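Hi everyone, thanks for having me.

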Amino acid sequence: MSNLIKNASEQLREIIYNALGILVSKEMIPAVPMPVFNIEIPADKSHGDFASNIAMVSAKALRMPPKKIAELIASEIVLENSCFEKMEIAGPGFMNFFLAKKWFADVVKTSLNEGDDYGKTDYGKGKRILVEFVSANPTGPMHIGNARGGAIGDCLASVLQWAGYHVEREFYVNDAGNQIEKFGKSLSLRYMQICSEEGQKICSLDYNMEDFCKSIYGEEGNAPEFPMPEDSYRGMDIIEHAKNYFDEYGAVLSGQSEEERKKFLVEYALPKNIAGLENDLKKYRIVYDNWFRESKLHESGETMKIVEKLKETGHTYEQEGAVWFKATDFGVDKDFVLVRANGIPTYVVPDIAYHYDKLVTRNFDKAINVLGADHHGYVPRLKSALTALGVDAEKLDVVLMQMVRLVRNGETVKLSKRSGKAITLVTLLDEIPIDAARFFFNMREANSQFEFDLDLAVEKSSQNPVYYVQYAHARICSLIANLEAEGIKYNPEADLSILSEKSEIELIRHIAELPDTVNSSAKTYDPAKITKYAVELASLFHRFYDSCSVKNAESDELRLARLSLCISTRQVLKNTLSILNIDYPEKM
RNA sequence: GCGCCUUUAACUCAGCUGGAUAGAGUAACUGCCUUCUAAGCAGUAAGCCAUUGGUUCGAGUCCAAUAAGGCGCGCCA
């Protein structure tokens, strides 16, 4: 739980405040309120490990040139008993501070002592946070957007755990409503096609499932008396369900009413689909704490209760037989329908009920939704309704993901759930390693358009940065094993303060940054910061490896110190990859 | 028409609450394995940070307008 960067930064602020206090008491500067100043980490490390702009921002208040202020402060700065050893005044008035060797030694020591816990922080203070992601419709297979949402949501949840939140992962199952109706209708039509004369002809031909689907798939080719309407699901999976049902139970449903047939087919296929989602996500290394079912909200009457509650707030009205919510009262551009003229609530109502359940009934401190950017217009609506219900809408945060564009042979592949031609999550994972997929989807922040080059992703080449990072880990493992074979073993008493090569120092500095990276990644809900950290860490290690030999170090002390640094780096690589739930192989 | 997002090297992208000379990776070119994994490292070349104005000690970063692209604006979800 240590964060040596934060400690150093806070100590430095203290040191500057002390110097200012002395200057005021000596009446060398006027006792005026000082503006806020920054302690920052310069991009260019020749400018020190930390820098402060105190002299520049206070120039106006003190009516003195920045350089002069910097010199005054410098004259009263006390660095004894601090983690700093040196300071310089530079440029327009920056004050640059340099960390002492002991601080770097402490970083390595801390990472080794904390082991698998190094990088964890108490930023979240144990607050309860619910991360909902993927929540794919159970009417069909998951697509590429779900693959991205899965990787981002799962890693975000993990980052939040590392940052000290109590996190639960949740999948909202849309097992009710219009799309289930459509699901039933599609199943029913496919079933009737199979039962038809033409369908039976195809059945008798002893096709395998894929060929069967292809032959019955034709829009007009067979059973024209049961055409698939424009808004039906036309994926192969629907045909498969219908065929499976037919194989198990025969044509028993063909004589039933449409309603009965839909009911039986949905009861047959939906649980299979939901189990399939769970299974496919498990393969993707995503395991949820809760599978929350929409149907539960209807059965318990929560959905209609929400309508009643909203009516009580006075922000609803009736128009043309429908119940509207006056979202414009809450700054939203348009009102929206809660209950249709036919008495059936729109999708928003169970959604409101669901979020009410998250934030009020289950009392989470925070609810995060990972959503496709095409849902962004819906967010303010949902929030306006929650506000009307007296829920603090600030507790709901939405991470919007821009669309994934699939590219094959330089051409965009259209995503379509219905066409049956879309690349699904499952086929994607058949083609590319799970490690690569999880890493790849987290390389860019959610809110940037993502171009997924299938040819490149399918290629199991070393182009993928995940190999670069894993290679660094494997390389260290091998190095340590070799040294051990020669009788050189890790010694916790090794003097780490002798590490002073540029590549050593830069590596240690980056190791020190892990807790801060976890915090900032949690704060901005951006797990891409972790993949970037991992690549940078690997790069710094490779550089160190190239310039500093452990085995052939100039002295025994240095050899032991470098070995400690290697073990520390391996630990940090392992922790970083663990956050992403990616493998850290010992051999490659 | 209104709203949200994006625009940084040939390509894909970083750039933390404004800070010092704008960074990686691909691709191109040049070096480095008798020595711990060359799936590596070092170097060269490449930029009007979309455009224009504003805010201030200081702008890729903040504000406004414009342009290009993506997405949304349903009694679909």
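Before we start, one definition: two strands count as paired if at least two bridges are found between them. Keep in mind too that what you see is a predicted model.

Strand E8, residues 316–319, and strand E9, residues 322–325, run antiparallel and are joined by 4 bridges. One of the pairs to look for is Gln 319 with its bridge partner in E9, Ala 322. How many residues lie between E8 and E9 in this hairpin? There are 2, and Glu 320 in the turn has a positive phi of about 50°.

Several elements give two or more residues to the surface near RNA strand B: helix H2 (54–57), strand E4 (94–99), helix H7 (178–195), strand E15 (450–453), helix H19 (465–485) and helix H22 (528–547). Which of them gives the most? That is H19, with 9 residues. If we sort the surface near RNA strand B by class, we get 27 nonpolar, 27 polar and 16 charged residues.

Let's stay with H19 and look at its packing with H22. In general, two packed helices are described by the angle between their axes and the distance between the axes. For H19 and H22, the angle is about 45° and the axes are 9 Å apart. That angle makes H19 oblique to H22, and the crossing of these two helices is left-handed. From H19 come Pro 465, Tyr 468, Val 469, Ala 472 and Arg 475, and they meet Ala 534, Val 535, Ala 538, Phe 541, His 542 and Tyr 545 in H22. By class, this contact has 9 nonpolar, 1 polar and 1 charged residues.

Here is another helix pair to set beside that one. Helix H5 (residues 101–114) and helix H23 (residues 556–579) pack at an angle of about 55°, with 9 Å between their axes. So H5 is oblique to H23, and their crossing is left-handed. H5 brings Val 108, Ser 111 and Leu 112 to the contact, while H23 brings Ser 564, Leu 565, Ile 567, Ser 568, Gln 571 and Val 572. What does that contact look like by class? The contact of H5 with H23 has 5 nonpolar, 4 polar and no charged residues.

Now for the sheets. One is an open sheet of 5 strands, paired in parallel, in the order E7-E6-E5-E11-E12. Why is one side of E7 and of E12 left without a neighbour in the sheet? Strand E7 (290–293) and strand E12 (396–401) stand at the edges, so each has a single partner strand. From one strand to the next, the twist averages 25°. Zooming in, strand E6 (residues 166–173) pairs with E7 in the parallel sense over 4 bridges, and Tyr 172 stands opposite Phe 292 in E7. Across this sheet lies helix H14 (residues 348–361), spanning strand E5 (128–132), E6, E7, strand E11 (366–372) and E12, and running at about 145° to E11.

Our last stop is an open sheet of 4 strands, with antiparallel pairing, in the order E1-E2-E4-E3. Its edges are strand E1 (39–40) and strand E3 (84–90), each with a single partner strand, so one side of each has no neighbour in the sheet. E3 and E4 pair in the antiparallel sense over 6 bridges, with Ala 90 opposite Phe 94 in E4. Helix H4 (residues 66–76) packs on this sheet, touching E3 and E4, and its direction makes about 160° with that of E3.

Technical notes. Residues numbered from 1 in each chain as written. Chains lettered and ligands numbered in written order. Predicted model: local features only at pLDDT ≥ 70, side-chain atom pairs only at ≥ 80, totals over all residues. Nonpolar A, V, L, I, M, F, W, Y, C, P; charged D, E, K, R; others polar. Axes fitted to C-alpha atoms, helices over the stretch in contact; angles between N-to-C directions. Contact = placed C-beta atoms within 7 Å. Parallel < 35°, antiparallel > 145°, perpendicular 65-115°, else oblique. Left-handed = near helix turned anticlockwise from the far one by under 90°.
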